[in-house]
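Hi,

Here is the structure I promised to pass on. Have a look at it first, and my notes on what turned up follow below.

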Amino acid sequence: MAVRTWPTARESRRRYIPALPTLWPGMLSPLAASRPPAFPFGAKRLTRYYLARNAVYHGAKLLGLPANEVLVPAYHHGVEVGALVAAGALPRFVRVDARMRLDLEDLEAKIGPRTRALYVIHYAGFAQPMDDVMAVARRHGLPVMEDCALSLLAAEGTRPLGSVGTLGIFCFYKTLPVPNGGALVVNDPALHGDVPAPEAAPLVSTLSHATGSLLQNAAFRLGEAGEALRGAARRAYALVRGATGVRPVSTGTMTFDPATVDLGMSAVSELIARRLDGEAIVAARRRNYFLLLGRLRERVSPVFPELPAGASPLFYPLLCDDKAAVAARLAARGIETVDFWRTGHPLCPDDSFPDVQALRRRVLELPVHQDLQPDDMAYLARCVKEALE
Ligand SMILES: Cc1ncc(COP(=O)(O)O)c(C=O)c1O
């Protein structure tokens, strides 16, 4: 169960609002959950990886993209483009507008004789119009890679994102408190062939990330005592790392590393993910997004002014002119934010996409995850308004 249920008087002490959901000790229980798994966990042709970029790489190979062109949104993280390039694909970039909508006219206009696939990104748990995307793909006989790295558990209406494209790509650790994990789903029965079986996830990395998340949970729940525990554990960990030279395989890094492309997801991630209640997570994220939207929309024009059916917000994209200053002010109030996608892949000509440039310069990611309660959102909105002054 991911959603916090206990009431406490957290107003009285300094809050810590982590950027990502944290691991609650009860989530490590080996007892199986009774509910059926949410998509994509029960999907038939699902391969679990350590990172979503591994799924992009192997998906591109499966589609036969090496030496072929793939159309990719100009608004992207950068590492998914790195994975495509490492697989041998040649990216060509497509316009995304100021509200993070893929420009379907530009997409279709850019399809040429060398184009072999379309790559679509669902941003922050909000869907791109998949029926329209698939119509373009069908007109030109092209497969679609549907990137849901930011949109696990999200749907367009009732249809899960990642279930419509030829391939679906997922990242688990951005939405769930798992130490690692991503996946490739093959949806199209006409696509034959298999990806190579992934290698076992490194145990030390898995345990170190899981411990980090448990300590964040302590800091979140226990305030200063938890922060002190986390600080002591971090110092001990740095000593062990220094003495042993062990380097865990990081998640969330900016560049593609071919050395880790075959790593699979850990059994610990599987255990945690299977126990979580997807519907409760989506409901909590929607509630939290809505609470921020209501408090901030008058102050700053929202990127997503509505919460369509099925959307499961990964975060609240706050537009601000000086991201670094706002982030620093929020950090001083215990609130973690993420400087979202400030730079893209070097192959993408930034100045051809002014809307994307503006998003890169202005979007700061505010947390709305399932650990947070309405009082956390009220605190967050208050701090944001102060930070914007
Ligand atoms: C849109 C998108 N696709 C793919 C990835 C790759 O995810 P991972 O870090 O799990 O490899 C990311 C990472 O942030 C992303 O934002």
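Two helices each put at least two residues into the shell around the ligand: H1 (52–62) and H2 (79–86). Bear in mind as you read that this is a predicted model.

The shell comes to 14 residues in total, and the closest of them are Ala52, Arg53, Asp147, Tyr173 and Lys174. Sorted by class, nine residues of the shell are nonpolar, four are charged and one is polar.

Asp147 has a side-chain N or O atom 2.6 Å from a nitrogen atom of the ligand. For Tyr173, the distance is again 2.6 Å, this time from a side-chain N or O atom to an oxygen atom of the ligand. Lys174 also faces an oxygen atom of the ligand, with 3.0 Å between that oxygen and an N or O atom in the lysine side chain. And how much of the ligand's accessible area does the protein cover? On its own the ligand has 390 Å² of accessible area, and the protein covers 98% of that.

Now for the domains. The assignment for the protein chain gives domain 1 (46–186), domain 2 (203–248) and domain 3 (278–388). I looked at how domain 1 and domain 2 meet: their C-alpha centres are 34 Å apart, and the contact draws on four residues from domain 1 and five residues from domain 2. Between them these two domains bury about 300 Å², with 56% of that area on carbon and sulfur atoms. Which residues on the domain 1 side lose the most area to domain 2? They are Tyr50, Pro179 and Asn180, which together make up 89% of what the domain 1 side buries.

Most peptide bonds are trans, and most residues other than glycine have a negative phi. The peptide bond from Phe39 to Pro40, however, is cis, with omega near 10°; Pro40 sits in the segment before strand S1 (46–49). The other spot is Ala67, which is not a glycine and yet has a positive phi of about 70°.

Cheers

Conventions: Residues numbered from 1 in each chain as written. Predicted model: local features only at pLDDT ≥ 70, side-chain atom pairs only at ≥ 80, totals over all residues. Heavy atoms only, no water. Near = heavy atom within 4 Å. Polar contact = N/O pair within 3.5 Å; in protein donor to acceptor, adjacent residues only side chain to side chain. Areas by Shrake-Rupley, 256 points an atom, 1.4 Å probe, with all protein chains shown as cover. Helix = DSSP H or I, 4+ residues; strand = E, 2+ residues; numbered from the N terminus. Nonpolar A, V, L, I, M, F, W, Y, C, P; charged D, E, K, R; others polar. Domains from an automatic or database assignment. Contact = heavy atoms within 4.5 Å. Buried area = accessible area lost by both parts, 1.4 Å probe.
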